[in-house]
Amino acid sequence: MRLSRYFLPVLKEDPADAQIVSHRYMLRAGMIKQAQAGIYSWLPLGFKVLKRIEEIVHEEQIRAGHIPMLMPTLQSADLWRESGRYEDYGEEMLRITDRHGRDMLYGPTNEELITDIFRTHVSSYKDLPLTLYHIQWKFRDERRPRFGVMRGREFYMKDGYNFDLDKAAAMHAYNRHLVSYLRTYERMGLQAIPMRADSGPIGGDDTHEFLVLAETGESEVFYDSAVTDLSFGDRAIDYDDVAQCQSILEEFTSKYARTDETHDEALFNDLPEARRKVARGIEVGQIFYFGTKYSEAMGATVQGPDGKPVPVHMGSHGIGVSRLVGAIIEASHDEKGIIWPEGVTPFHCGIVNLKQGDEAADKACENLYEQLSNAGLEPLYDDRDERAGGKFATMDLIGLPWRITVGPRGLKNGVVELTSRKTGESEELTPEAAVAKVILIYAGS
Ligand code: 5CA
């Protein structure tokens, strides 16, 4: 993309109403614009990051054997009356009436709708196990929408639902989700710690939230500092291997890590004092096992091996896709702007032309642009007729991990400059070597 043809409405001043850094930088970098309280338009740069995150979530869900689909945002109130949640859900639910006077709602989550699909089409245990998921907009009429996309009213969520014959099989689905989530967040450059949590209106006893530690997080968390040493890394996973998934769950959940809802002071105090940490975290996902709560209420049964009908065991598993955009910025920024991890960056590499209109500089930039594009990467070329300082400030603000700077002086010596946004370190390389290095950095990602 050439910046002269893009739509990147950056703001010079800090917006007055943004209290946390991710909100401030998302507005300043022209990623989002508020449409109403807690409802945002995703401008091109923000939309690109949202899509990258969505892609990673899809890839990891499919890798785990879960099946993508799409359900609508508007749902019928009657389904929610069947589960009893139409009344229970309270004021967070946006209720709508259509022209025929039918009660509808903008879905805050999809347990009822998916259970209805399941009961219509699945009748035998032979079709289990089954996990279906979608990534769709949700609406919760939060009392205090705030912090930009972190606590929106309209937000983008991946929600997945497993259907299994018995509790043991459903717990394997739970474990599989936990493992796939660990991988998903690490690919985004995040450490998200699974913590024992409370199930709220979704229901059930088994639930973990995934938290990214950040001062601006809304949840208070208590944990053994040893959990922060764990990393998923590049493990080969067989998602059908029950023992392997179970052992990874144990590895990542056996150390003390809880949100304030389930915190147990006595257990916590058993830890050596130096390892007791109290901090704040951003909840970027949650997994639930709730057994037969919905299947019994809504008659989702299958014929078991003995021919008798059994209600299926279910769980639901969510990832806050739009919230993640903010969470990644909270975890990765400096005073100049965002620092995107390579896995989610909107463009792979910036190209800054220090002297637009200089024949050699223009040509070198065009060549770099073409070579990076031919390698399947997306460069963002700042080809505007602007001062170098302004171009650097924009690049630093929007946070691309790598920048190639091209100027007439360097070109006389046959070099351009490759700079890491994270470390600020630069090296002079021939244009070919700079391209080769950037390609190598992204190889395999
Ligand atoms: N049905 C279950 C799992 S699919 C469910 O709805 N879970 S949830 O309530 O925990 O939501 C899943 C994730 O969506 C949360 O972990 C959080 O990351 C994100 N989320 C929830 N509410 C909001 C909100 N108001 N704004 C942005 N993201 C949110």
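1. A disulfide is a pair of cysteine sulfur atoms within 2.5 Å. Keep that cut-off in mind for this predicted model. The structure holds 0 disulfides.

2. Take C349. This cysteine is in no disulfide, and the nearest cysteine sulfur, that of C365, is 11 Å away. C349 has 1% relative accessibility, so it counts as buried.

3. Next, a helix pair. Two packed helices are described by the angle between their axes and the distance between the axes. Helix α1 spans residues 21–28, and helix α10 spans residues 321–331. They pack at an angle of about 110°, and their axes are 8 Å apart. Angles of 65 to 115 degrees count as roughly perpendicular, so α1 and α10 are roughly perpendicular to each other. From α1, the contact uses V21, S22, Y25 and M26. From α10, it uses V325, G326, I329 and E330. Sorted by class, this contact has 5 nonpolar, 2 polar and 1 charged residues.

4. Last, H313. This residue lies in strand β16, which covers residues 313–320. Is H313 buried or exposed? Its relative accessibility is 18%, so H313 counts as buried. The H313 side chain makes a polar contact with the side chain of Y289, at 2.7 Å. Leaving aside residues up to four places away in sequence, H313 touches several others, including N162, F163, D164, G291 and T292.

Notes
Residues are numbered from 1 along each chain as its sequence is written. This is a predicted model: local features need pLDDT of at least 70, side-chain atom pairs count only at pLDDT 80 or more; totals for chains, interfaces and linings use all residues. Side-chain values use heavy atoms; hydrogens and water are left out. Helices (H or I, at least four residues) and strands (E, at least two) are DSSP runs, numbered from the N terminus. Buried means under 20% relative accessible area, exposed over 50%, partly exposed in between (1.4 Å probe, protein chains only). A polar contact is a pair of N or O atoms within 3.5 Å; within protein, one must be able to donate a hydrogen and the other to accept it, and residues adjacent in sequence count only if both atoms are side-chain atoms. Contact means heavy atoms within 4.5 Å. Axes are lines fitted to C-alpha atoms, for helices over the stretch in contact, and angles run from 0 to 180 degrees between N-to-C directions. Angles under 35 degrees count as roughly parallel, over 145 as roughly antiparallel, 65 to 115 as roughly perpendicular and the rest as oblique. Ala, Val, Leu, Ile, Met, Phe, Trp, Tyr, Cys and Pro count as nonpolar, Asp, Glu, Lys and Arg as charged, and the others, Gly among them, as polar.
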